[in-house]
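Please read these notes with the structure open beside you. They go point by point, and each point can be checked on its own.

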Amino acid sequence: MQDLDYRAFQAKLTPDLKLEDFIGVRTPALRSLAKEVGKREDVKDFLQALPHSYFDENQIHAFLISEMKDYGEVILYLNDFLPYVNNWATCDQLRPKCFKKHKEELLTEIKKWITSEKVYTVRFAIGMLMAHFLDENFTPEYLDMVAGVKSDQYYINMMIAWYFATALAKQYDATIPFVVGRKMDVWTHNKTIQKAVESYRITPEKKEYLKSLRRKTR
């Protein structure tokens, strides 16, 4: 399944990893392979064989967890896997479908993950808050949780900006005080505004106001 051109392309998109960390299998092929592997009796051997050698193996691992139906099993495998997630792509494609039916239990886990020392565990926690707690399950407490994350890590701060830009689109009245009050560092603050201005879900009037809140960098 290797595609050498795609391998080089993926390596450029994922600067935390080296070219030799990639096999170069396209995502649709990896998803199909994950479905096949998921039916095998020895699938648990693969899930327990951490760390993996290749990005592509981590992707398959993420897809396998995402398709599991048993919430308890998902959490067990997630907590084993998250410390070994070493790039944004695997982190962001780790999306367990069963979480939709287990919001209360999930929130308990998110509160643990968001305090982790592991970059991509924190990014995953914020991603889960963004995916599952910005609509009918939203409370302003979750904005405080994300604003409370202080990091010098690019991939954490980018996710914070993505979260707040999405929150501005979905929960504007609750979120705008975090921008006005400068609750984030300058880079994350400005990146939040940039992403919000790029969103089609925010009105032109609100975008103009957000632009006026940009902060100068030193």
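1. In this predicted model, helix 4 covers residues 55-67 and helix 5 covers residues 71-81. The two pack at an angle of about 160 degrees, and their axes lie 10 Å apart. Angles over 145 degrees count as roughly antiparallel, and helix 4 and helix 5 are therefore roughly antiparallel to each other. Their crossing is left-handed.

2. Which residues bring helix 4 and helix 5 together? From helix 4 come Asn-58, His-61, Ala-62 and Ile-65. From helix 5 come Val-74, Tyr-77, Leu-78 and Phe-81. Sorted by class, this contact has six nonpolar residues, two polar ones and no charged ones.

3. The next two points concern empty space. Rolling a probe the size of a water molecule over the atoms shows where such space is left. The largest pocket has a volume of about 210 Å³. Its lining is made up of Ala-34, Lys-35, Gly-38, Val-43, Lys-44, Leu-47, Phe-63, Leu-64, Glu-67, Met-68, Glu-73 and Tyr-77. Helix 2 (27-38), helix 3 (43-48), helix 4 and helix 5 are the elements that each give two or more residues to this lining. By class, the pocket lining holds seven nonpolar, one polar and four charged residues. Note that Tyr-77 is on the list for the pocket and also takes part in the contact of helix 5 with helix 4.

4. How many cavities of 30 Å³ or more does a search of the whole structure find? The search finds one. The largest cavity has a volume of about 30 Å³. Around this cavity are Ala-147, Val-149, Lys-150, Asn-157, Ile-160, Lys-183, Met-184, Asp-185 and Thr-188. The cavity lining divides into four nonpolar, two polar and three charged residues.

5. As background, most residues other than glycine have a negative phi, and most peptide bonds are trans. The peptide bond that joins Leu-50 and Pro-51 is cis, with omega about 0 degrees. Pro-51 sits in the loop between helix 3 and helix 4.

6. The second detail is at Arg-182. This residue is not a glycine, yet its phi is positive, at about 55 degrees. Where is Arg-182 found? Its place is the loop between helix 11 (172-180) and helix 12 (186-198).

Terms used. Residues numbered from 1 in each chain as written. Predicted model: local features only at pLDDT ≥ 70, side-chain atom pairs only at ≥ 80, totals over all residues. Heavy atoms only, no water. Axes fitted to C-alpha atoms, helices over the stretch in contact; angles between N-to-C directions. Helix = DSSP H or I, 4+ residues; strand = E, 2+ residues; numbered from the N terminus. Parallel < 35°, antiparallel > 145°, perpendicular 65-115°, else oblique. Left-handed = near helix turned anticlockwise from the far one by under 90°. Contact = heavy atoms within 4.5 Å. Nonpolar A, V, L, I, M, F, W, Y, C, P; charged D, E, K, R; others polar. 1 Å grid on protein atoms, 1.4 Å probe; cavity = no way out; pocket = protein on both sides within 12 Å on 5 of 7 lines; lining within 4 Å. Points joined across faces, edges and corners; volume = space filled by probe spheres on them.
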